[in-house]
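Dear colleague,

I am handing over the structure that I have been looking at, and below it you will find an account of what turned up. Please read the text with the structure open beside it.

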Amino acid sequence: MIASTIENRDDLVSYLNAAMSLEHATIPPYLTAYYSIHSGTNSDAAHIIRVTAVEEMLHLTLAANVLNAIGGTPDLTRPGFVPSYPAYLPDGEDDFTVDLRPFSPEAVETFCKIERPGKAPSADSRLVETPEDSRARFLVSSPTDEELRFYSIGEFYEEIIEGLEKVAANDPALFSGDPSRQVGPEYFYSGGGAITVVSDLRSAQQALRFIAGQGEGLDSGIYDADGELAHYYRFRQLQLGRYYQVGDHPDAPSGPSLSISWDEVYKVKVSARLADYPTGSELARVARDFNADYGAFLALLTKAFDGQPDLLQEGVCEMFRLRDGFNRLVCNPLPGSGGLHAGPTFEIPAGDGPDPGASTDAGATDETARAVTR
């Protein structure tokens, strides 16, 4: 049996920071697929992806509430918060990477793998040894033991929940965070669940189990505890061509058929990098501007989690105001790519430093990137 990797408050802070990174890491791939769809087409798929992206924001907020409750400080602008795509997520098998892809069967397959249920055969097998030569590839392993990763995302959350129980039993002051930093349900609305204000062990368990149950973890069935279709099964609908109804078998949805046209999509270059854009080109400038805008979006969320919860709804709106930046990229062919289109790279500039694309190797002009703070 592998021993617990959480012993104290500092370990919990490390895990909850990793949880926020994990929850955010799905948003750029989902948005890339969503905005690659031609306007006015694939309405079923677009709705499924959009709603799921909003619920990832809910998960991100819940993780921030737990972190704030134990006296941590959420920071979405810290170096490395946004992964370099393609990225590995924690899973029982090293069988896929998460890429920035246009809407396609391959993208949906990846989304299903991200969200797939994954309960370990036993508690003893929750943690998996990671080969030394592959440790750096995983977005989330154990933050306190680099030799270990998790059987699944759900088991990652179970480790946090058990760690909270263990530390709280020995530290009555664990939940001593400033209540004013909590984001309440009045600041965020999602049809797929409400925000939990975290003030004690029970509410922290509730928040984390909700995240796992809504799609990224332990299998509670097709529908979560609130009667909402879990994320995994939402994406399975796109593979199986029909909507689920209550009582359906997981592999046989019986609801209305979905209309999907895989051709009504901009063929965006998979996991494009700034280095792919011609030096001095307008596309390079637009790609860098998008990255700066995305950095500003993350800075806005950080403020929301840092005592200004009223900014969260603005942050959700801001996520979809990025449409213009997406369109300026995905609607345009990328020179030298064999007919593929441009796409965001999500290489976020440092808050006070130059754009990482400021070198000639990254398709830069002499312009300095815009600051990521507003």
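A residue to begin with is Phe290, which has a relative accessibility of 2% and, because buried means under 20%, counts as buried. Please keep in mind throughout that the model is a predicted one.

Phe290 belongs to helix 8, which covers residues 282–304. This helix has 23 residues and spans 33 Å from its first C-alpha to its last, which is close to the 33 Å expected at 1.5 Å a residue. Of its 23 residues, 19 are buried, so helix 8 is largely enclosed by the rest of the structure.

The ring of Phe290 is paired with that of Phe346: the centres are 5.4 Å apart and the planes stand at 90°, so the pair is edge-to-face. Phe346 lies in the segment after helix 10 (323–330), 56 residues away from Phe290, and the pair thus links distant parts of the chain.

By the rule applied here, the count of aromatic pairs comes to 17. Among them is the pair of Tyr232 and Tyr233, which is edge-to-face, with 4.9 Å from centre to centre and 85° between the planes. Tyr232 and Tyr233 are both buried.

A further residue to look at is Glu314, which is found in helix 9 (residues 312–321). At 37% relative accessibility, Glu314 counts as partly exposed. When its neighbours within four places in sequence are left aside, Glu314 is in contact with Leu300 and Arg321. Leu300 is 14 residues from Glu314 along the chain, and the C-alpha atoms of the two are separated by 8.4 Å.

Finally, a word on confidence. The protein averages a pLDDT of 84, and 78% of the residues score at least 70. Over residues 135–139, however, the pLDDT stays under 50, and for this stretch the model has 16 contacts beyond four places in sequence. The pLDDT is also below 50 over residues 352–374, a stretch that has 45 contacts in the model beyond near neighbours in sequence.

With best wishes

Notes:
Residues are numbered from 1 along each chain as its sequence is written. This is a predicted model: local features need pLDDT of at least 70, side-chain atom pairs count only at pLDDT 80 or more; totals for chains, interfaces and linings use all residues. Side-chain values use heavy atoms; hydrogens and water are left out. pLDDT is the predictor's confidence in each residue, from 0 to 100. Contact means heavy atoms within 4.5 Å. Rings of Phe, Tyr and Trp (its six-membered ring) pair if their centres lie within 6.5 Å; planes under 30 degrees apart count as stacked, over 60 as edge-to-face and the rest as tilted. Buried means under 20% relative accessible area, exposed over 50%, partly exposed in between (1.4 Å probe, protein chains only). Helices (H or I, at least four residues) and strands (E, at least two) are DSSP runs, numbered from the N terminus. The expected span of a helix is 1.5 Å times one less than its number of residues.
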